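Please look over the sequence and the structure before reading on.

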Amino acid sequence: MTRRAVPHGDWPRAAEAIKRGGRAGRASRPSEGSRVAMELAGKVAVLVLVVALVTADEAPKVEVYSRKRAVVGEENTLNCFVSGFHPPKIEITLLKNGNPMSNVHYADMSFNDKWHFQRLVYVPFTPLKGDVYACKVAHSTLREPQVFQWEADF
């Protein structure tokens, strides 16, 4: 190991540079890229901590409804709007007579300022007398999947 001479008045600065892993003769500074990366990592850590502290598990609220007033034999859209839940992992299934429906569309999941999530799931359908339509929701806050039936208004 090579030792460098340090002028008498520079001892405090030299000691600080050594603590930071630099050399005694000159103070080392992080590059601009490392400084920006450290600032970003700090901000992300704070955000994760705030979200973890603010959010609590919340059970979903479910609404099942048709886009238009239902008429027997007339095409319509069945909607299942699920809101107010956290964490975001959720399973939403539209059912006809207890069986999963095909051609189901899933809107993007969004969230509000309290980090509670919401999602719209919908499918074109033609209601017929005797058919039962429902929305099945599985979420970590529910002991078992819950089924919410559409109430036909005809």
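Rings of Phe, Tyr and Trp, the last by its six-membered ring, are taken as a pair if their centres lie within 6.5 Å. By that rule, ring pairs link F85, F111, W115 and F117 into a cluster. The model is a predicted one.

**Overall make-up**

The chain contains two helices and nine strands. Read from the N terminus, the order of elements is α-α-β-β-β-β-β-β-β-β-β. Of the 154 residues in the chain, 25% are buried. The accessible surface amounts to about 10900 Å², and carbon and sulfur atoms account for 55% of that surface. Among contacts between residues at least 6 apart in sequence, 57% join residues at least 24 apart.

**The four-stranded sheet**

Four strands form an open sheet in the order β4-β3-β8-β9, and their pairing is antiparallel. Strands β4 and β9 (146–149) are at the edges with a single partner strand each, so one side of each has no neighbour in the sheet. Strands of a sheet pair through backbone hydrogen bonds, either parallel or antiparallel.

Strand β3 (residues 90–96) pairs with strand β8 (residues 133–139) in the antiparallel sense, over seven bridges. Within this pairing, T93 is opposite K136 in β8. On β3 there is also an antiparallel pairing with strand β4 (residues 99–100), made by two bridges. There, L95 stands opposite P100, and K96 has N99 as its bridge partner. Strands β3 and β4 form a hairpin with two residues between them. N97, in the turn, has a positive phi of about 55°.

**The disulfide**

Which cysteines form the disulfide? The structure holds one disulfide, and C80 and C135 form it, with their sulfur atoms 2.0 Å apart. The angle about the S-S bond is -75°, and the link of C80 and C135 is left-handed. C80 belongs to strand β2 (residues 76–85) and C135 to strand β8, so the pair ties together parts that are 55 residues apart in sequence. A disulfide is a covalent bond between the sulfur atoms of two cysteines. Are these two cysteines buried or exposed? C80 is buried, at a relative accessible area of 0%, and C135 is buried, also with a value of 0%.

**Aromatic pairs at W150**

Two edge-to-face pairs involve W150, one with F125 and one with Y133. Their geometry is listed here.

| Pair | Centre to centre | Angle between planes |
|---|---|---|
| F125 and W150 | 5.2 Å | 85° |
| Y133 and W150 | 5.9 Å | 75° |

The pair of F125 and W150 links distant parts of the chain: F125 is in strand β7 (residues 117–125), W150 is in the segment after β9, and the two are 25 residues apart. F125 is buried, with a relative accessible area of 5%, and W150 counts as buried at 6% relative accessibility. For Y133 and W150, the planes are at 75°, so the pair is edge-to-face. This pair also links distant parts of the chain, with Y133 in strand β8 and W150 in the segment after β9, 17 residues apart. Y133 counts as buried at 2% relative accessibility.

**The nonpolar core**

Which residues have the most contacts inside the largest nonpolar core? That core has 19 residues, and those with the most contacts inside it are L78, C80, V82, L94 and C135. The elements that give two or more residues to the core are β1 (61–66), β2, β3, β7 and β8.

L78 has contacts with residues from several stretches of sequence. Leaving aside its neighbours within four places in sequence, L78 is in contact with V64, Y65, L94, M101, V121, Y122, V123, F125, Y133 and W150. That list includes F125, Y133 and W150, the residues of the two edge-to-face pairs in the table. L94, another residue with the most contacts inside the core, is likewise a contact of L78.

Terms used: Residues are numbered from 1 along each chain as its sequence is written. This is a predicted model: local features need pLDDT of at least 70, side-chain atom pairs count only at pLDDT 80 or more; totals for chains, interfaces and linings use all residues. Side-chain values use heavy atoms; hydrogens and water are left out. Two strands pair if DSSP finds at least two bridges between them. A disulfide is a pair of cysteine sulfur atoms within 2.5 Å. Buried means under 20% relative accessible area, exposed over 50%, partly exposed in between (1.4 Å probe, protein chains only). Rings of Phe, Tyr and Trp (its six-membered ring) pair if their centres lie within 6.5 Å; planes under 30 degrees apart count as stacked, over 60 as edge-to-face and the rest as tilted. A nonpolar core is a set of buried Ala, Val, Leu, Ile, Met, Phe, Trp, Tyr and Cys residues joined through side-chain atoms within 4.5 Å. Contact means heavy atoms within 4.5 Å. Accessible areas come from the Shrake-Rupley method with a 1.4 Å probe; for residues, only the protein chains shown count as cover.
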